[in-house]
Amino acid sequence: MSGSRQRPYLKRPVWIIVLVNFVILFLIAAYLYPPATSAACFIFSPTDCTLLNQPPAPKIPTRELTDDETISQVVIKEILKTPPVESNNPKIAFLFLTPGQLPFEPLWAKFFQGHEGRFSVYVHASKEKPVHTSHYFMGRDIHSESVSWGKISMVDAERRLLAKALLDSDNQQFVLLSESCIPLQNFDYVYNYLMLTNVSFIDSFVDLGPHGSGRYSEHMMPEVETDDFRKGSQWFSMKRQHAIIVMADSLYYTKFRYYCKPNMEGRNCYADEHYLPTFFNMIDPVGIAKRSVTYVDWSERKWHPKSFKAEDITLKFLKNLTTIDDIVHFTSDEKRMLTGPCLWNGIKRPCYLFARKFYPETLERLMFYFSNYTTLSV
């Protein structure tokens, strides 16, 4: 071994090396992507910075709006920016859309009991007037017209229910339900869930498959373009401002009335699945949750959702429905699914307040389990 003295190797601390590398990367990034403030721009950017001191350029519309669109936008914007009418006794309007009998009236009566004055009931029976078994439903039938599945008459019935319920200024939230719907939570939970949030629970998602965008008709242009077209469940919960906007709309409703029909141009377009999801995606996309609060099982991917029989009704099954906190949209685009968390005021919460479709034979078991599965609290 050589006896010559070697110069000791001087090691730099690791943190100094990391700091130097960070500064180099920062200067490179700042040079390529100069900060938006004018002072930083003059320091880092090789380009002209005077544009940063100019007011932002006005947004140039892609096309000139029609007169009807201009009128519609003015009305909608005025409604949205007008504070809702305050009520000393805010209520939820429960809107039942049914062909006739309401087999779950006893269950709903159990749900409503003890909460008188905090809700209203409206029944649209399209084929035969139901014989009511609960006093909560007696005298609550409204003028009804015939409804055909998949046709604009379904939307007409929804609008008819909303119009009737809007006559009561205390009604602040409007929930659309069918004869096969059941409550999944207790009344207080439902009331707080809806009243303490400022969005409407209107389902709206993109389905690029044949039963989504494939139903779009170019006759809807220029007001409704392909990229605007959305799909969603018809079973909504809507705040008062949005209910008024639905009443005020004629432009977009007319487009769907004439150009979203079964067997039109080789397409089966169903207005109740597309009108409100598309309309609200266009006029107030941040004002809707883009999901429904009514559970429906589309996992079988058939024309109609799965229906539940008496043997399906167990406490475990019902508990599972009440605790689902991720939304699943089954699309017709190569059988892909869209999933995401259910957010309530920015917090992940259970998705569903109601569920369908349940056969009348499930009533006895649902009544038996009701107090045990509706136990959550907000």
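A cavity, on a 1 Å grid over the protein atoms alone, is a set of points where a 1.4 Å probe fits but cannot get out. I start my notebook with that term. The model I am reading is predicted.

**Entry 1: the cavity**

How many cavities of 30 Å³ or more does a search of the whole structure find? I searched the whole structure and found one. The largest cavity has a volume of about 30 Å³. Next I looked up its lining. Arg 215, Ser 217, Tyr 259, Lys 261, Met 264, Glu 265, Arg 267 and Cys 269 line the largest cavity. I then sorted the lining by class. I noted four charged residues, three nonpolar and one polar.

**Entry 2: α8 against α9**

Tyr 259 of the lining falls in helix α8, which covers residues 251-259. I turned to that helix and its contact with α9, residues 271-283. The two axes come within 10 Å and cross at roughly 145 degrees. Is the crossing left-handed or right-handed? I have α8 passing α9 in a right-handed crossing. From α8, the contact is made by Tyr 252, Tyr 253 and Phe 256. From α9, I listed His 274, Tyr 275, Thr 278, Phe 279 and Met 282. By class, this contact has six nonpolar residues, two polar and no charged ones.

I also checked the loop between α8 and α9, where Asn 263 lies. Its phi is near 60 degrees. I marked that down as a positive value in a residue other than glycine.

**Entry 3: a three-stranded sheet**

I followed the strands next. Three of them form an open sheet in the order β4-β13-β8, and the pairing is mixed. Why is one side of β4 and of β8 left without a neighbour in the sheet? β4 (182-183) and β8 (294-295) stand at the edges with a single partner strand each, so one side of each has no neighbour there. I looked at one pairing more carefully. β8 and β13 (residues 354-355) pair in the parallel sense over two bridges. Thr 294 stands opposite Phe 354 in β13.

**Entry 4: cis peptide bonds**

I noted a cis peptide bond from Arg 356 to Lys 357, with omega near 0 degrees. Lys 357 is found in the loop between β13 and α11 (363-373). Another cis peptide bond joins Met 221 and Pro 222, and here omega is about 5 degrees. I placed Pro 222 in the loop between β5 (200-203) and β6 (237-239).

**Entry 5: Asp 168**

Where does Asp 168 lie? I found Asp 168 in the loop between α5 (152-166) and β3 (171-178). I then listed what Asp 168 touches, not counting residues up to four places away in sequence. The list is Lys 91, Ser 120, Tyr 122 and Arg 240. Asp 168 and Ser 120 are 48 residues apart in sequence. In space they are 9.0 Å apart, C-alpha to C-alpha.

How values were computed. Residues numbered from 1 in each chain as written. Predicted model: local features only at pLDDT ≥ 70, side-chain atom pairs only at ≥ 80, totals over all residues. Heavy atoms only, no water. Axes fitted to C-alpha atoms, helices over the stretch in contact; angles between N-to-C directions. Helix = DSSP H or I, 4+ residues; strand = E, 2+ residues; numbered from the N terminus. Left-handed = near helix turned anticlockwise from the far one by under 90°. Contact = heavy atoms within 4.5 Å. Nonpolar A, V, L, I, M, F, W, Y, C, P; charged D, E, K, R; others polar. 1 Å grid on protein atoms, 1.4 Å probe; cavity = no way out; pocket = protein on both sides within 12 Å on 5 of 7 lines; lining within 4 Å. Points joined across faces, edges and corners; volume = space filled by probe spheres on them. Pairing = 2+ DSSP bridges.
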